[in-house]
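Subject: Structure handover

Hello,

Here is the structure you asked to look at. Please open it beside this email; my notes follow below it.

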Amino acid sequence: MGGCVSTSSRSTCSSRSNGEMASPPCMGIGFCGQKRTKRTYSERHVALQHLPTIPNRVFMNGKSRTSCIFTQQGRKGINQDAMVVWEDFMEEDMTFCGVFDGHGPYGHLVARKVRDVLPVKLQSFLHSCNSKQNESGLTCFNGNARKTDAGNCEDDDTAEDKLNSLWREAFLKSYKAMDKELRSHPHLDCFCSGSTAVTIIKQGLNLFMGYIGDSRAVLGSKDGNDSMVATQLSVDMKPDLPREAERIKRCKGRVFALQDEPEVHRVWLPFDDAPGLAMARAFGDFCLKEYGVISIPEFSHRVLTERDQFIVLASDGVWDVLSNEEVVEIVASAPSRASAARIVVDSAAREWKLKYPTSKMDDCAVVCLFLDGKMDSESDYEEQGFSSATLQSNHSGNALESDDGQRAEPSLQRNFTVRSSEENDNYGKIPIESEGNGEPVAAEDQDWSGLEGVTRVNSLVQLPRFSEERPVL
């Protein structure tokens with residue numbers, strides 16, 4: 001949540017739609033060049049121009065075959081968080097999940113645009129990479145394959161390195177294309193608005209992940225004693241991380257914290273104390289793109305094991321008040337899997353009220369992906385207050401949006417950033433963390449967030465925020 005300053009050029013975003021399933025038995029990226037009985041990729045790509053109608057794609061409060069998702073508006077205005085789960089993503093054993101946290105006056109539109117368009121671009125680049133794979137003769141990578149023959153370890157490592165390189169290239173290119181589309185879109189101003197992104201693709205036992213900003217991914221696993229363990233899979237991309245700060249300063253941007261919030265490092269223009277962006281990587285925020293803020297994602301690949309139970313993606317509204325371990329315990333102990341995401345959000349809301357009663361609760365969005373592919377029965381789900389109709393319902397308090405994120409013009413509301421002295425006393429220290437290199441964060445470094453629970457304002461500039469309470473005069 002938050003904003004950005006601007007008096008000059010504008011840029012922004014755009015929406016598209018896209019495709020979904022295919023079912024070859026062996027897959028590296030996309031398809032294996034085998035004969036398909038269903039429509040071709042290009043045919044599906046053209047046909048799928050209305051994302052909300054795509055089967056097995058959930059983007060509002062509800063559940064899918066293997067996941068549940070839930071978002072709740074905070075106390076800062078319109079809900080700027082977005083989320084999506086897309087099963088049968090290019091093939092039957094592939095699932096895409098993402099959480100996107102917008103900031104700035106148009107942050108809600110940016111987050112929704114990224115939610116809709118980024119998976120489509122990723123599909124396109126994965127398809128392109130798969131074509132290169134087939135041309136180079138690289139063997140298809142089965143999502144459930146394991147190395148068993150010691151004599152072939154070197155060949156397996158080489159093939160896996162090549163495969164990782166192709167997946168990395170697909171993530172990098174799709175993120176770059178997404179930011180380019182935001183910059184050139186004629187109707188959405190992303191000059192001082194933007195969004196985080198944490199995105200994963202699960203294919204069999206393989207987990208591929210790309211992320212920017214401070215939305216987080218956490219893995220819940222069982223240890224040898226069958227106790228739940230939390231492993232942080234992503235790194236919160238803060239401006240004070242050494243490599244991030246070095247790049248920003250090299251590009252003439254400035255990184256420092258204000259006197260009244262010494263633990264929150266922000267990015268500032270070289271010539272003005274604005275906008276004070278509290279992250280080093282984001283989509284949009286073009287006022288800072290020349291000064292070190294980038295949209296290049298961190299990429300990682302992980303092979304899942306039978307001890308891995310679920311993955312939680314969430315925006316910082318959750319992580320500011322709940323630790324990784326607390327979230328994993330909440331999900332593991334939920335009365336039903338379908339209710340897990342909602343219970344995490346409810347728990348975060350309670351913690352905001354208890355720990356920071358004078359702060360404005362941030363928006364919260366949670367995706368819980370269960371790795372064994374099982375969910376509750378429909379009757380269990382309805383007992384939790386949902387029904388199958390919730391797959392396309394909106395429980396976040398926002399009006400329904402059109403396919404391209406456009407909507408009736410809402411009224412304006414100020415985004416206040418003033419805090420009381422009592423709140424300032426609550427700020428905690430942020431441990432210095434090593435740079436994200438695609439590896440999971442060490443256990444002792446997992447339990448930190450940018451503000452130790454205090455309301456996150458991702459930009460200090462008090463620009464208007466949208467509200468839907470009354471129409472614009």
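Two strands count as paired if DSSP finds at least two bridges between them. Helices (H or I, at least four residues) and strands (E, at least two) are DSSP runs, numbered from the N terminus. This is a predicted model, in which local features need pLDDT of at least 70 and side-chain atom pairs count only at pLDDT 80 or more, while totals for chains, interfaces and linings use all residues. Residues are numbered from 1 along each chain as its sequence is written, and side-chain values use heavy atoms, with hydrogens and water left out.

The sheet

Start with the open sheet, which has 6 strands in the order S2-S3-S17-S16-S9-S10, with antiparallel pairing. Its edges are strand S2 (62-63) and strand S10 (228-232), each of which pairs on one side only.

S2 and S3 form a hairpin with 3 residues between them, and 2 bridges hold their antiparallel pairing. Lys-63 has Cys-68 in S3 as its bridge partner. Strand S3 (residues 67-72) has 5 of its 6 residues buried, where buried means under 20% relative accessible area, exposed means over 50%, and partly exposed is in between (1.4 Å probe, protein chains only).

S3 also runs antiparallel to S17, joined by 6 bridges. Here Phe-70 has Val-366 in S17 as its bridge partner. Strand S17 (residues 364-370) is in turn joined by 5 bridges to strand S16 (residues 308-314), again antiparallel. Ile-311 stands opposite Leu-369 in S17.

Helix H6 (residues 324-332) lies across strand S9 (216-222), S10, S16 and S17, and runs at about 130° to S10. Such angles run from 0 to 180 degrees between N-to-C directions, with axes fitted as lines to C-alpha atoms, for helices over the stretch in contact. Contact means heavy atoms within 4.5 Å.

Helix H4

Which residues of helix H4 (residues 242-250) are buried? They are Glu-244, Ala-245, Arg-247 and Ile-248. Seen down the axis of H4, these buried residues fall within an arc of 165°, so they line one face of the helix. The arc is taken from the directions between the helix axis and the C-beta atoms. Glu-246, Lys-249 and Arg-250 are exposed on the other side of H4. Strand S11 (254-257) and strand S12 (265-268) are among what covers the buried residues of H4. Just after H4, Lys-252 has a positive phi of about 75°.

The cores

A nonpolar core is a set of buried Ala, Val, Leu, Ile, Met, Phe, Trp, Tyr and Cys residues joined through side-chain atoms within 4.5 Å. Of the 52 residues in the largest one, Trp-167, Ile-201 and Phe-283 touch the most other members. The elements that give two or more residues to this core are S4, strand S5 (94-103), helix H2 (107-136), helix H3 (153-184), strand S7 (197-203) and strand S8 (206-212). H2 gives the most, with 10 residues.

Leaving aside neighbours within four places in sequence, Ile-201 is in contact with residues including Phe-89, Leu-122, Trp-167 and Phe-208. A second, separate core of 31 residues includes Trp-319, Ala-349, Cys-368 and Met-375.

Met-83 is buried, with a relative accessible area of 2%. Met-83 and Phe-70 are 13 residues apart in sequence, and their C-alpha atoms are 8.3 Å apart in space.

Regards
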